Amino acid sequence: MKKHIIWLIGVFFYHTIALGQTNIDFREFSLDNGLHVIMHKDNKTPIVVTSVMYHVGSKNEDPERTGFAHFFEHLLFEGSENIERGQYTDLVEGNGGALNAFTSNDITYYYELMPSNYLELALYLESERMLHAKIDEVGLETQREVVKEEKRQRYDNQPYGTILPETLERAYTKHPYQWAPIGSLEHLNAASLDEFMQFYNDFYVPNNAILTIAGDIDYDQTEAWVKKYFSEVPRGEEEIYRPDVKEPRKTEEIRDVIYDNIQIPAIIQAYNLPPKNHPDAYAMEMLSTYLTGGKSSLMTKELVDKQQKALVIAAIPLDLEDGGIFIMYGIANMGVEPEDLENEVDLLIQKVQKEGISDQDFQKLQNIIENDLVSKNSSIEGIAQNLAESKLFYGDTGYINRELEKYREVSKADIQRVAREYLTLDGRVVLYYLPKSQQTAASQD
């Protein structure tokens, strides 16, 4: 118990101290097998994050075998040839640490947050995941059940839970972003052990990964341990599959109705975006914040507070490596027809397109963005992830220290321009989420 109390105190003080930090120092090197390694030293508190970002997500999957990347997020906690099933988590949590992972359309990310005197253990665990993962029928059946339960809880039985997969399916006609990372349970059930092994051998290799160590470390000792545990991992034999697909620009609006287990209708609008590293991505992020980012945002003040036509309104730029989508969604207030809410949303978008934003709103927006960027690097976990993403998506780890400059280069005119260029009514997806009771009534008419 004492060890856990000391650990929690350390985490608390690190988060408090790090809030003012803006410039992130780091060192990096690559092993002969292609593994890129980034190290960031901060000795304020005795904690360290060890993370591996694999450049594999749902977009790398076979269209007939979707859900593999997300499945491996779970499967690679099963253990290894040298770590017994279930022991992986016990070794981290039993030594005062925490661990987690996530999968997106572009990446899979694993990390351990541990007291710094267990850094060598964390490096050993990640090297075992990369070199000796336990992939067998027992693990496959176990994780199939886990994924089934996750799908039931997060998608099937969650009100509005299918918004992402339903939107992606219509927003993309060519690119493999058209399915969500959760994928298809039918595909996972049909896949053989050999297919899973092939996916592991193809993507979970050092030349498709970035190892980041951040926190209370000694650079020389950390580099020595990295070489000790990762140098023996063989480089992937095949060229990493990257989909070479450009999603065509839409010229016609796509509309559909989804009947869901809900009581209140919702509207979803989706607009296709340029690639994540495109210069316009910064203006689009600022536009989304201006429209719905917080209680004082344009749409929240107008549609939630003033007109009371929406219970919730949000704009989310899903920025993806090959081109994402700008998702607008609103949950209608009681008695408000979805058409009325959609019309008001469109009017506010057109207002920005025609008039832009005021000097006062622009200054406030800049302050919000700067505060958000500082917050991203206010924890050791955030720094580790952002270092890896800087290298993977922008090709330069030092981008982490230039991101704020990119936002400061955005002008009021840029925000108005991207609103006009990307939020085009003739090339978007519009979904109405309606209660299933209305489907019954419609079928009887």
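Predicted model: local features only at pLDDT ≥ 70, side-chain atom pairs only at ≥ 80, totals over all residues.
Local features were taken at pLDDT of at least 70 and side-chain atom pairs only at pLDDT 80 or more, while totals for chains, interfaces and linings use all residues. Residues are numbered from 1 along each chain as its sequence is written, and side-chain values use heavy atoms, with hydrogens and water left out.

Helices (H or I, at least four residues) and strands (E, at least two) are DSSP runs numbered from the N terminus. Two packed helices are described by the angle between their axes and the distance between the axes. Axes are lines fitted to C-alpha atoms, for helices over the stretch in contact, and angles run from 0 to 180 degrees between N-to-C directions. Angles under 35 degrees count as roughly parallel, over 145 as roughly antiparallel, 65 to 115 as roughly perpendicular and the rest as oblique. A crossing is left-handed if the near helix is turned anticlockwise from the far one by less than a right angle, and right-handed if clockwise.

Helix α2 (residues 68-75) packs on helix α5 (residues 137-156) at about 115 degrees, with the axes 10 Å apart; the two helices are therefore roughly perpendicular to each other. Their crossing is right-handed. In this contact (heavy atoms within 4.5 Å), H70, F71, H74 and L75 of α2 face G139, L140, Q143, R144, V146, V147 and E150 of α5. These residues comprise 5 nonpolar, 4 polar and 2 charged, where Ala, Val, Leu, Ile, Met, Phe, Trp, Tyr, Cys and Pro count as nonpolar, Asp, Glu, Lys and Arg as charged, and the others, Gly among them, as polar.

L298, M299, E302 and L303 in α11 meet L341, E344, V345, L348, I349 and V352 in α12, and the contact has 8 nonpolar, no polar and 2 charged residues.

Grid points are joined across faces, edges and corners, and a volume is the space filled by probe spheres set on the points.

The largest pocket has a volume of about 820 Å³. Of its 33 lining residues, K276, E285, D319, K376 and E389 lie nearest its centre. Two or more residues each come from β4 (98-103), α10 (280-292), β9 (310-318), α13 (359-376), α14 (380-394) and α15 (403-408), with α14 giving the most, 6 residues. The lining divides into 19 nonpolar, 6 polar and 8 charged residues.

The second largest pocket has a volume of about 420 Å³. It is lined by 19 residues, of which K246, E247, N272, L273 and P274 lie nearest its centre. The elements giving two or more residues to this lining are β8 (266-272) and α16. Its residues divide into 8 nonpolar, 5 polar and 6 charged.

Technical notes
1 Å grid on protein atoms, 1.4 Å probe; cavity = no way out; pocket = protein on both sides within 12 Å on 5 of 7 lines; lining within 4 Å.
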